[in-house]
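Thanks, everyone, for making the time.

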Amino acid sequence: MTGMLGCLLKLIMDIHELKVNPFRDRICEVFSSQQDGMLSFEDFLDMMSVFSDSCPKNVKVEYAFRIYDFDNNDMIGKTDLEEVINRLTGSNSQLPDAQHLLKPDEMEKLISNILQEADLDQDKALSYAEFEHVISKAPDFVNIFENGAGPQLKPPNLITKHNVS
Ligand SMILES: [Ca+2]
Ligand SMILES: [Ca+2]
């Protein structure tokens with residue numbers, strides 16, 4: 001039946017998208033019920049349901065918060081934001097050959113802009129409520145579950161040139 005085949009193809013595509021997702025190691029950690037980064041079949045199904053289009057937005061936001069909270073302290077602080085930005089701009093500090101596309105002062109400025117906008121109680125970190133609030137204004141931040149490639153937040157000078165044939 002084509003319905004079944006369609007589902008299977010979608011699943012395979014989702015797995016492919018996950019492979020290119022800059023947050024894949026974090027996603028596996030967050031969805032791992034043993035918290036060892038390994039996914040059981042149930043964990044895997046949970047993960048796929050969050051990636052599916054029918055998943056309620058608030059659930060996606062909740063998981064996005066957990067994924068972005070790298071040190072698991074229930075707050076998205078400066079170091080978490082730095083890691084998120086590095087990954088969104090294509091440099092994963094977990095990789096030995098990571099190239100940082102943003103200069104330290106640009107990173108500093110970007111983080112202070114985010115905090116200025118989103119850190120309502122000015123404790124230099126985003127609580128879940130603050131994160132939820134900023135998401136409502138910048139929905140791109142939950143796109144990690146939409147297309148697997150992460151939000152398109154590339155610095156303007158990195159926009160790839162189109163090949164004109
Ligand atoms: Ca944190
Ligand atoms: Ca705060």
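Let me begin with a term I will need throughout: a residue is called buried if 20 or more other C-beta atoms lie within 10 Å of its own, and exposed if that number is 12 or fewer. Please also keep in mind that what you see is a predicted model. By that criterion, 21% of the 165 residues of the protein count as buried. As for secondary structure, the protein has seven helices and zero strands, so that reading from the N terminus on, the order of elements is α-α-α-α-α-α-α. If we take the contacts with a separation of 6 or more, 48% of them are accounted for by residues 24 or more positions apart.

Now to the interior. As a general point, nonpolar side chains in soluble globular proteins tend to be buried together. Here the largest nonpolar core has 20 residues, and the members that touch the most others are Ile27, Val30, Ala64, Phe65, Ile67, Tyr68 and Ile76. Which elements give two or more residues to this core? They are helix 2, residues 24-31, helix 3, residues 41-51, helix 4, residues 57-68, and then helix 5 and helix 6. Helix 4 gives the most, with five residues. Staying with Tyr68 for a moment, and leaving aside residues up to four places away in sequence, it touches Ile76, Asp80 and Val84.

Helix 5 passes helix 6 in a right-handed crossing. Helix 5 makes the contact through Lys78, Leu81, Glu82 and Ile85, while helix 6 brings Met107, Leu110, Ile111 and Ile114. In this contact there are six nonpolar residues, no polar ones and two charged.

Asp74, in the loop between helix 4 and helix 5, has a positive phi of about 65° although it is not a glycine. Is Asp74 buried or exposed? It has 11 other C-beta atoms within 10 Å, and because 12 or fewer is the limit, Asp74 counts as exposed. Gln122, in the loop between helix 6 and helix 7, residues 128-137, likewise is a residue other than glycine with a positive phi, here near 50°. With 8 other C-beta atoms within 10 Å, Gln122 is exposed.

Lastly, Leu45 is found in helix 3, and with 11 other C-beta atoms within 10 Å this leucine is exposed. Its C-alpha atom is separated by 9.7 Å from that of Phe31, 14 residues apart along the chain.

Methods: Residues numbered from 1 in each chain as written. Chains lettered and ligands numbered in written order. Predicted model: local features only at pLDDT ≥ 70, side-chain atom pairs only at ≥ 80, totals over all residues. Left-handed = near helix turned anticlockwise from the far one by under 90°. Helix = DSSP H or I, 4+ residues; strand = E, 2+ residues; numbered from the N terminus. Contact = placed C-beta atoms within 7 Å. Nonpolar A, V, L, I, M, F, W, Y, C, P; charged D, E, K, R; others polar. Core = buried A, V, L, I, M, F, W, Y, C linked by C-beta atoms within 7 Å.
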